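Let's take a friendly look at the aromatic rings in this protein. Have the sequence and the 3D view ready as you read.

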Amino acid sequence: MNLPLNDAFRKNRALFAGRFPDLAALTGLASDEDAERTRDILPPFCELAATPSGHMTLSAGGAFVHSRMDPRREAERALAAGEAFGPDGCLFCGCGLAYLPELYAARYPDAPIVIVESELAVLFALLASRPLAALFSHPNLALVAGIPASEAAAVPERIGLPDIRAFESPALV
């Protein structure tokens with residue numbers, strides 16, 4: 001598995017554990033040592049790869065989740081065209097490397113953001129991909145990881161946001 005525990009991972013893991021301590025403990029991300037042990041038992045599902053734009057992309061199970069050329073630009077286009085995106089909040093079912101949730105958070109700094117990522121390996125790849133301080137510092141960010149994708153639809157009601165709009169990544173559906 002191509003998931004390095006690089007500087008970005010270590011900094012993001014610490015931010016993640018500080019913001020979501022219970023989730024970090026449940027996902028093996030409470031400490032760098034826990035993360036290393038967890039990473040070593042994850043199935044070889046995800047690989048990070050550099051793109052010509054300089055942004056990382058992700059392949060999961062052999063299929064690319066984001067553009068192989070410019071994943072950030074791809075997210076910008078999706079945000080501009082998406083009907084699910086407004087100031088009232090958004091549920092992201094499958095986040096990949098979270099380019100889209102990150103751009104959404106910048107555009108709507110007060111909106112609730114719910115990210116549901118069922119694959120722990122994708123979460124590890126996200127943390128290793130680039131600095132995520134802006135996303136993790138969003139005041140209304142909720143993150144759920146490791147649950148089956150089939151349960152993602154129940155998350156908004158469970159956290160008190162039953163009417164939040166949902167965006168499902170076409171690459172992750």
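This is a predicted model: local features need pLDDT of at least 70, side-chain atom pairs count only at pLDDT 80 or more; totals for chains, interfaces and linings use all residues.

## A buried phenylalanine

## Phe85 and its partner

Nine aromatic pairs are found in the structure. In one of them, the ring centres of Phe85 and Phe167 are 5.2 Å apart and the planes meet at 40 degrees, so this pair is tilted. What does the pair tie together? Phe85 belongs to the loop between helix H4 (71-81) and strand E4 (90-93), while Phe167 belongs to strand E7 (residues 165-168), so the pair joins parts that are 82 residues apart in sequence.

Is Phe167 buried or exposed? Its relative accessibility is 19%, and because buried means under 20%, Phe167 counts as buried.

## Two tyrosines

Tyr104 and Tyr108 make another tilted aromatic pair, with 4.8 Å from centre to centre and 45 degrees between the planes. Tyr104 is buried at a relative accessible area of 0%, and Tyr108 is buried too, at 17%.

## The cluster

Which residues do the ring pairs link into a cluster? They are Phe85, Phe92, Tyr104, Tyr108 and Phe167.

## A charge over a ring

Arg130 places its charged end over the ring of Tyr99, at 4.1 Å from the ring centre.

Terms used. Residues are numbered from 1 along each chain as its sequence is written. Side-chain values use heavy atoms; hydrogens and water are left out. Rings of Phe, Tyr and Trp (its six-membered ring) pair if their centres lie within 6.5 Å; planes under 30 degrees apart count as stacked, over 60 as edge-to-face and the rest as tilted. Helices (H or I, at least four residues) and strands (E, at least two) are DSSP runs, numbered from the N terminus. Buried means under 20% relative accessible area, exposed over 50%, partly exposed in between (1.4 Å probe, protein chains only). A charge sits over a ring if NZ of Lys or CZ of Arg is within 6 Å of the ring centre and within 35 degrees of the ring normal.
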